[in-house]
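Visitor: I am new to this structure and would like to know what stands behind each term that is used for it. Could you take me through it slowly?

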Amino acid sequence: MRVTIIGGGILGTAHALEAVGRGHHVTHLERETEARGATVRNFGLVWVSGRAEHELAATLRSRELWERIGERIPGVGFRPTGSLTLLRTPLEVAVAEEAAGRPDAGARGFELLDPDAVRAVNPALRGAFSAGLYCSRDAAVESRQAMPAIREHLSATGHYEFLPGTEARSVDGTTVRDDRGRRHDGDLVLLCPGAAHGGLTREIAGELPVRRVRLQMMQTDPLDEPLTTAIADGDSFRYYPGFAGTALDALRDDEPQDLVAAEGRMQLLCVQRLHGGLTIGDTHEYDEPFAFDVDDAPYDYLAARVEEFLGRPLPAIRRRWAGVYSQCVDPGHLVSRTSAADGVWVVTGPGGRGMTLGPAIAEETANVIQL
């Protein structure tokens, strides 16, 4: 088949990889010269630990697919880092104990560790915490280099053409016309628009069950030692559905977040990039219109939290950015996947799970439409 994919982010690229892998030819359009949205403005985490129960099988499958992709395409930078959620209070420890005692704890790779055991796993953590929830199944990829690496691999097959700086303007049947006046005929069109819910997306699919979410993140200079796992703090329990339960209810009722963290709907996530720098975040903003600037208070709060866990000052912060991602508002679905017309599908809304679930979502799409 001839497949035309619109959108060069993680979902579009994962669908291209799946389609070519099944023997089809892909023409891939991206309106920017390089993906610039949430696909590159994230941690690169393949995050198993906090996924909801109904998402766990898909998440584990996606982690398996990422590992396979990493073996074939080293440039994506896959590494089985695992993660440590560092805990400071008895109520946070209680949430971790509850999670570690559930039937699916083994599948997630959960183990509750005391401070000495935490430091044995990640010696860079010399600071203050009372325990750590280890998740051996979490992993990471390099978000800023994964898409180019996958495209280079696809181009070598002879069944893939990438057209950067090319915006799709219309879809008529399974023919796509772009802003250069070119016509792309095919048998199937997959529109993966990211957070662009208007324009062509609305024209083709109408109003989708999605919303946009804004975040703030930052990047440091290289740390002079390895951070062997990703790290999170106990606030992350509040934002990941996999930790729901009576212990989390008690945490929310009896231990309010710090004011800055609460106002920014914040959690700490931190992962070391291959170049040694730390990617740190993040905040969550749901009400549009979003600000066009960034606030310093969340950055100061998150930097202080990482320094508390490391027991040392951070390297200089060199980059700060905001990003916007698309989130499906139906909690029972991983993504909004819509058959807009015969041979035309729209796939968007993985939320903050896009990098984690991209390969599994693409595989599921291919199965659903019998690609």
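Guide: Let us begin with pairing: two strands pair if DSSP finds at least two bridges between them, and the strands themselves (E, at least two residues), like the helices (H or I, at least four), are DSSP runs numbered from the N terminus. By that rule three strands form an open sheet, with antiparallel pairing and the order β9-β10-β11. This is a predicted model, in which local features need pLDDT of at least 70 and side-chain atom pairs count only at pLDDT 80 or more, while totals for chains, interfaces and linings use all residues. Residues are numbered from 1 along each chain as its sequence is written, and side-chain values use heavy atoms, with hydrogens and water left out.

Visitor: What makes β9 and β11 the edge strands?

Guide: Each of them, β9 at 168–172 and β11 at 183–185, pairs on one side only.

Visitor: How do you know that β9 and β10 pair?

Guide: Pairing asks for at least two bridges, and four bridges join β9 to β10 (residues 175–178), the two running antiparallel. One place to look is Asp172, whose bridge partner in β10 is Thr175.

Visitor: Which strands stand at the edges of the sheet of eight, and what makes them edges?

Guide: That open sheet has mixed pairing and the order β5-β6-β4-β14-β15-β16-β13-β17. Its edges are β5 (110–113) and β17 (317–328), each of which has a single partner strand, so one side of each is left without a neighbour in the sheet.

Visitor: What joins β16 to the strands on either side of it in that order?

Guide: β15 (residues 269–272) and β16 (residues 277–281) pair in the antiparallel sense over four bridges, with Cys270 opposite Ile280 and Gln272 partnered by Leu278. β13 and β16 also pair in the antiparallel sense over four bridges, and here Ile280 is the bridge partner of Met218.

Visitor: Why is β16 called mostly covered?

Guide: Buried means under 20% relative accessible area, exposed over 50% and partly exposed in between, computed with a 1.4 Å probe on protein chains only. Five of the five residues of β16 are buried, with Gly277, Thr279 and Gly281 on one side and Leu278 and Ile280 on the other.

Visitor: What makes you say that helix α2 reaches close to its expected span?

Guide: The expected span of a helix is 1.5 Å times one less than its number of residues. α2 (residues 56–72) has 17 residues, and its 25 Å from first C-alpha to last is close to the expected 24 Å. Its buried residues, among them Leu65, Trp66 and Ile69, pack against α1 (10–21), β3 (45–46), α4 (105–108), β7 (139–140), α6 (143–155) and α11 (354–368), where contact means heavy atoms within 4.5 Å.

Visitor: What does Trp66 contribute to the largest nonpolar core?

Guide: A nonpolar core is a set of buried Ala, Val, Leu, Ile, Met, Phe, Trp, Tyr and Cys residues joined through side-chain atoms within 4.5 Å. Of the 30 residues in the largest one, Val26, Trp66, Val76 and Ile150 touch the most other members. Beyond its neighbours within four places in sequence, Trp66 is in contact with residues including Val76, Ile150, Met355 and Pro359.

Visitor: Why is α11 described as largely enclosed?

Guide: Twelve of its 15 residues are buried, so α11 is largely enclosed by the rest of the structure; Met355, Pro359 and Ala360 are among the buried ones.

Visitor: What is meant by the kink in α11?

Guide: The bend at a residue is the angle between axes fitted to the seven residues ending there and the seven starting there, and in α11 there is a kink of about 30° centred on Ala360.

Visitor: Why is Gln370 called exposed, but Arg265 partly exposed?

Guide: Gln370 has a relative accessible area of 70%, and therefore counts as exposed, whereas Arg265, at 32%, counts as partly exposed. Gln370, in the segment after α11, has a positive phi of about 55° although it is not a glycine. Arg265, in the loop between α9 (259–263) and β15, has a positive phi near 45°. Most residues other than glycine have a negative phi, and most peptide bonds are trans.

Visitor: Which peptide bonds here are cis?

Guide: The bond from Gly281 to Asp282 is cis, with omega near -5°, and the bond from Glu288 to Pro289 is cis, with omega near 5°. Asp282 is found in the loop between β16 and α10, and Pro289 lies in the loop between β16 and α10 as well.
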